[in-house]
Amino acid sequence: MIKFVNQQRSNKMVKGKQKNTSRTTEEIQESGNILLDNVLESVRAKYQDLKINKTSEEHQKDRGVDFQVELIGKPNENTLDMFKLQVKATDEPVKLLKTTTNKGLISFQIDNRHIRYYQQEMPWALLFLLCDNSTKTVYWHAIQLDNSLEERLNESIAKKKESIQIFIDPKNVLEPNSFLDFIRDAEESKSLQFFRASEGNENALTAGSDFQVDQNKPLLEQLFTLLEYLFEEVQYLPVHLLSQYRPFKVSEVQSSFYQQFKLYTENDDLVAMLDTFKVQPNGTITFTNPSYIQDVDEYEKKAIAILSKLSQNHIYTIISQKSRKEVSTRYFTHGNCNCVACCYNRLDIPQTIKKLQEPKDKSLDDRMKTAYMHYEMGNYLKSAEAFQSIGKQATKENKKTLFLITQFNLIKLGRLIKNNYYDYETIEFGKTLMNINLDRAVYSARNRSHHRKLFNYIKEVRFYSDSAYEVQTNVSKLRNEYQSFIGGGIFNTHSYDQLLNGFAKLNSFIGGNRIVYDRFGEFSLQMDGFTEGVFIALALRETNSYVISTFNDYHIQRLIFDGEHKVTWRYFNKYLFKSIPYKENDGKFFAMISNLLANHHLVNDAYKAYSPDDGSFWRNQYPEVFANCLCLAAMIEMTDKQAETISREIMDCYSKADLPSPDAYSQVNSFFRGKRSQFSTELLKEFITFFLQYKDIHLEKRLSIFTAELKTRKQTISLSTVQRKQLFKYAFGEDRDELRYFNTLALFHPVADNSLKKEIEKRITAQLRAKFDAYHYYYAVITDTLPFQGSEFLDKFIEETYPDPSKYSFRNNFYGPQDNEYPLFDMFFNLCFKFGLQPREITDKKMDGFGDYYDWLLDIGGFDYSKFKISWLGLYPTKFYLQEFAKPLILRKTVEKYLRSNRDFQMERLYFDIYNPQIDEVEADYE
């Protein structure tokens, strides 16, 4: 039997028979991970049409999951398979059992809770790997296919043990020749686990009920009574649980089912009744058939409650399984609620904090909302204290589901507190919370069947696993459909609908029931999938009229509160968007960003008063929310007036307080870059004079955006004496030896009036004479501030940019040999191309022999194209490089031949930039 690593180390130290060369558990495991990577690399070498992506599942380690593996087929990039890995490593040579009934097998000890999770709960395939570092061998075991484990697991649990042995066949060695067998085990595991998980969910959610509606009462009364019972302590239920009760079903043989926001029922009378509900624009309901409201007290109030609860639980349509008649159940209120959650959703952060500090004599539901908002605001200590208090009160009031949620939340908050606070007592408090026994809370609280089902659903985190499988499966399908579409295929909306459905269920169950979960990596993974799926669906909108054609407020709100601006930009660029259409609904986004910018100067003081302890800034989501808002403002389409309004709100925000993070300044630039063509010339000039007063690390780039747009419009700008002083002070900085923002002067030159031009030329010339810098000179020449040929600085520039192979190159050492390993040499070529010069016209230095790439630049038309690499086109794609590339016919034929047989987005874009250029701005000259 292979014992735990720590036991091995202890035994060695006690016996003292060997030299003390033992390693830590982490070191051994890291060696095992490297061994696995090497094996997978050998598999890749054999199957070169297969891409194997292995990603860490750090957030799942406490559940016994280390990695996710995705197999992707080339060249279409379609996902072939996806499964999980649990990886263990040992430095001790693996030994085969000799005397037991499992003779010839490898024994390894594994936690009961992990086995139970693998076989009984998780919906994915998982393979167990054992890495023998001493022999460089990786063994695998299809643990979900091991039928011997269930009985032994139950016996072990009954004896109050924590682990059992698994027995691994030593023939299962992972290597290129056995990889297909390995994949077959993964496939069989996936099929078996799908049915296990489905059956488990079915059993957990349908195993009897001790609640029955009185069928002698009117149908409206029956439905209202059921929903009042089911939602007694929660706001959101898994629809599978909801739909198993009458009147959603009328017989034990046939059940209702839910798909794509639609509930299918066999109860035609229920469909007929809901069809008589007619929602009016003012929110009232009229009834076209009086028989359904006869003998029902407060029937309109109850009808509104029914539709509201169904809509809140994402049941937007009910369909008869027999007649297929569809009835809308949508009902949304649009009042101006001022509760703490609504203030936060409107991004009125100071008001949110004020509400959190109000007296606490409220209902349990209001207290749950407040406790959850403490968590959302990053104040985990206050949140934990509030949930502890609520748990005690819930016990007194016999609110058992509410009590369970508080205990689940406290365990999660314990982990956040332990990892995000610094003082010893607080960390110990977090550890105490993490040790709460949720099983005891569940089993001691059980009484009604409905509670039992819901308790297990929460305890086993099935709200995540059910939705995660749906999200990941459908985003993978969407990627495949996108690849099919760009190859001439047709897009089907089903995958997007299922993706949205799966994510909405997860998000609503967490947020609606105030469950602490969305700060953890597993939720972020699903948010990433949701984000990509939305962009794919929008990219395919022209192929199917039923798919989304715009972003709506649900997309916007999720990307603001749950998204990450870097991920949003990744998929915006990946799927080739220039802007995002936005379906404005009551102007929610524009009102939200206005609140954010208008109140920003109040947030810092409000937050300090609310959460004064150290580190509070790093726990709250505000900086990311701020960046997310500006990121979306840069992307979505808006009118010129709306763009101007947001711009002025940004300036007002700047004038009152620093922005919350460097990313926020970067996203301000993204907004101005995306909307610059919509601004009037006078407004662009106003931006320049305004931002010269407020210096930040992204100011130079921001000013270049404005000057580039003015140059495109052939406009000039005049600065007052005070403004000129600000410009030169910014360019020269506090430390004249560093001159970090000196190139701002060159960027200003193309749009400066004659007086300012001369002063800029004079200042740059004086600085270069005092201390020459190749970059400063390059920017001055590329913007026509200083001359190139015949310049007093040309010889110095050539000397500094001329390649020196003997010099140490950090980039080459870090990334390996590069085709363009001399970046300064590229700058030299760019200036030559700009002025139509050959290097020999301005220098006697030998220019060839520094690599095929640079030899090609010297003679693009006469180069030996058997040595040509298509990637060279994108190494330094400035406007002047692209203009030079457009001249020789042989290059065009070479690129077209490549594109006829390769799908390459970057090269397709470069082809159009070379042969159909649409670039005319300062930035494109040197970027």
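The backbone oxygen of Asp297 lies 3.3 Å from a polar atom of the side chain of Lys302. The model is predicted, so local features need pLDDT of at least 70 and side-chain atom pairs count only at pLDDT 80 or more, while totals for chains, interfaces and linings use all residues. Residues are numbered from 1 along each chain as its sequence is written, and side-chain values use heavy atoms, leaving out hydrogens and water.

**Lys302**
- Lys302 belongs to helix H9 (residues 299-312); helices here are DSSP runs of H or I with at least four residues, numbered from the N terminus.
- Lys302 is buried, at a relative accessible area of 11% (buried means under 20%, with a 1.4 Å probe and protein chains only).
- Leaving out residues up to four places away in sequence, Lys302 touches Glu221, Phe224, Val296 and Asp297 (contact means heavy atoms within 4.5 Å).

**Asn345**
- Asn345 sits in helix H10 (residues 340-345).
- The C-alpha atoms of Asn345 and Gln557 are 8.0 Å apart, although 212 residues separate the two along the chain.
- Apart from neighbours within four places in sequence, Asn345 is in contact with Phe561 and Met592.

**Helices H20 and H21**
- Helix H20 (residues 521-539) packs against helix H21 (residues 553-561) at an angle of about 140 degrees, and their axes are 11 Å apart (axes are lines fitted to C-alpha atoms over the stretch in contact, and angles run from 0 to 180 degrees between N-to-C directions).
- H20 contributes Met527, Phe530, Thr531 and Val534 to the contact, and H21 contributes Tyr554, His555, Arg558 and Leu559.

Note on methods:
Helix = DSSP H or I, 4+ residues; strand = E, 2+ residues; numbered from the N terminus. Buried < 20%, exposed > 50% of the residue type's maximum accessible area, 1.4 Å probe, protein only. Polar contact = N/O pair within 3.5 Å; in protein donor to acceptor, adjacent residues only side chain to side chain.
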